[in-house]
Amino acid sequence: MINSQKIKVILDKQDMEKMNITVESLDYLTAQARKTILRILADAKQKTGFEPIGTKLYIETFPEETGGCILLLSSRPEEKKLPEATKMSPAGPVLFGFEDLEILITASCKLFRRYCHRVYKSSLYRLENIYVLMVYPLDKVDRLTVSFLCEFGEKLGEGVVAAAVVEEHGTAILKENAIDTISEYLDRDDELSDADLRDISGGSIFE
């Protein structure tokens, strides 16, 4: 245990073979890797008291030449207060349309894995026959978040006026933390359907 918010876990080659994981699967947090992380967290709680409840868990992976790896697990508060001089302010909302549910899920999960630290908040709506993902990116300069989502969906517009139109005429599926929630519940290899989104949103996704 490094401190109350960070632990280091050393896995040798035999450990990783026994757990059926690789460095790549840990990087992309596959289903098997998530199970392994949960087991490691449970063991860490018993041995050190480390328990990242109410915080975000960050995972850093460092491969070793012997075939094993070192994991650094860090817990950080959801809202970290920074000095005004360095605090990042989010850009206005950017709206993306998806006709295909599978593509929406894939885009959300991949965005969460790569750029979750660049998204201030996100929402998901159903508008007529498309899903509208509304994101508030923090990367106002390089706009990597926007460029990434453009590879999967159609950029419908941006700004508070466009967002207000969707909020008024669309049906809310996930009003908060849409990308986080989709990734947490639906980042798997199973087929996904409208019913999946109904289950996690607690209601109908259609008007």
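These notebook entries record what I looked up in this structure, which is a predicted model.

**Entry 1. The sheet**

I began with the strands. I found an open sheet of five strands, ordered E7-E4-E6-E5-E8, with antiparallel pairing. I then looked for its edges: strand E7 (154-158) and strand E8 (171-174) each pair on one side only. From one strand to the next, the twist averages 30°. As background, I noted that the strands of a sheet pair through backbone hydrogen bonds, either parallel or antiparallel.

**Entry 2. Strand E4 and its partners**

I next examined strand E4, residues 94-98, which is joined to strand E6, residues 130-137, by five bridges. Within this antiparallel pair, I looked up Leu 95 and found Met 134 of E6 as its bridge partner. Towards E7, I counted four bridges from E4, and these two strands also run antiparallel. There, Val 94 stands opposite Glu 158 of E7.

Is E4 buried or exposed? I found five of its five residues buried, so the strand is largely enclosed by the rest of the structure. I also recorded the directions of its residues: Val 94, Phe 96 and Phe 98 point one way, while Leu 95 and Gly 97 point the other way.

**Entry 3. Helices on the sheet**

I turned to the helices. Helix H4 (residues 101-115) lies across E4, strand E5 (119-127) and E6, and it runs at about 15° to E6. Helix H7 (residues 178-186) also packs on the sheet, where it touches E5, E6 and E8. The direction of H7 makes about 80° with that of E5.

How do H4 and H7 pack, and at what angle? I read an angle of about 100°, with the axes 8 Å apart. Angles of 65 to 115 degrees count as roughly perpendicular, and the two helices are therefore roughly perpendicular to each other. From H4, the contact is made by Ile 105, Ser 108, Cys 109, Leu 111 and Phe 112. From H7, Ile 179, Asp 180, Ile 182, Ser 183 and Leu 186 take part.

**Entry 4. The nonpolar cores**

Which residues of the largest nonpolar core touch the most other members? Among its 24 residues, I found these to be Leu 124 and Leu 133. At least two residues of this core come from each of E4, H4, E5, E6, helix H5 (144-150), E8 and H7. H4 gives the largest share, seven residues.

**Entry 5. Cysteines**

Last, I checked for disulfides, each a covalent bond between the sulfur atoms of two cysteines. I found zero disulfides in the structure. I then looked up two cysteines. Cys 69 has 0% relative accessibility and so counts as buried. Cys 150 counts as partly exposed because its relative accessibility is 38%, a value that falls between the 20% and 50% limits.

Conventions: Residues are numbered from 1 along each chain as its sequence is written. This is a predicted model: local features need pLDDT of at least 70, side-chain atom pairs count only at pLDDT 80 or more; totals for chains, interfaces and linings use all residues. Side-chain values use heavy atoms; hydrogens and water are left out. Two strands pair if DSSP finds at least two bridges between them. Axes are lines fitted to C-alpha atoms, for helices over the stretch in contact, and angles run from 0 to 180 degrees between N-to-C directions. Contact means heavy atoms within 4.5 Å. A disulfide is a pair of cysteine sulfur atoms within 2.5 Å. Buried means under 20% relative accessible area, exposed over 50%, partly exposed in between (1.4 Å probe, protein chains only). A nonpolar core is a set of buried Ala, Val, Leu, Ile, Met, Phe, Trp, Tyr and Cys residues joined through side-chain atoms within 4.5 Å. Angles under 35 degrees count as roughly parallel, over 145 as roughly antiparallel, 65 to 115 as roughly perpendicular and the rest as oblique.
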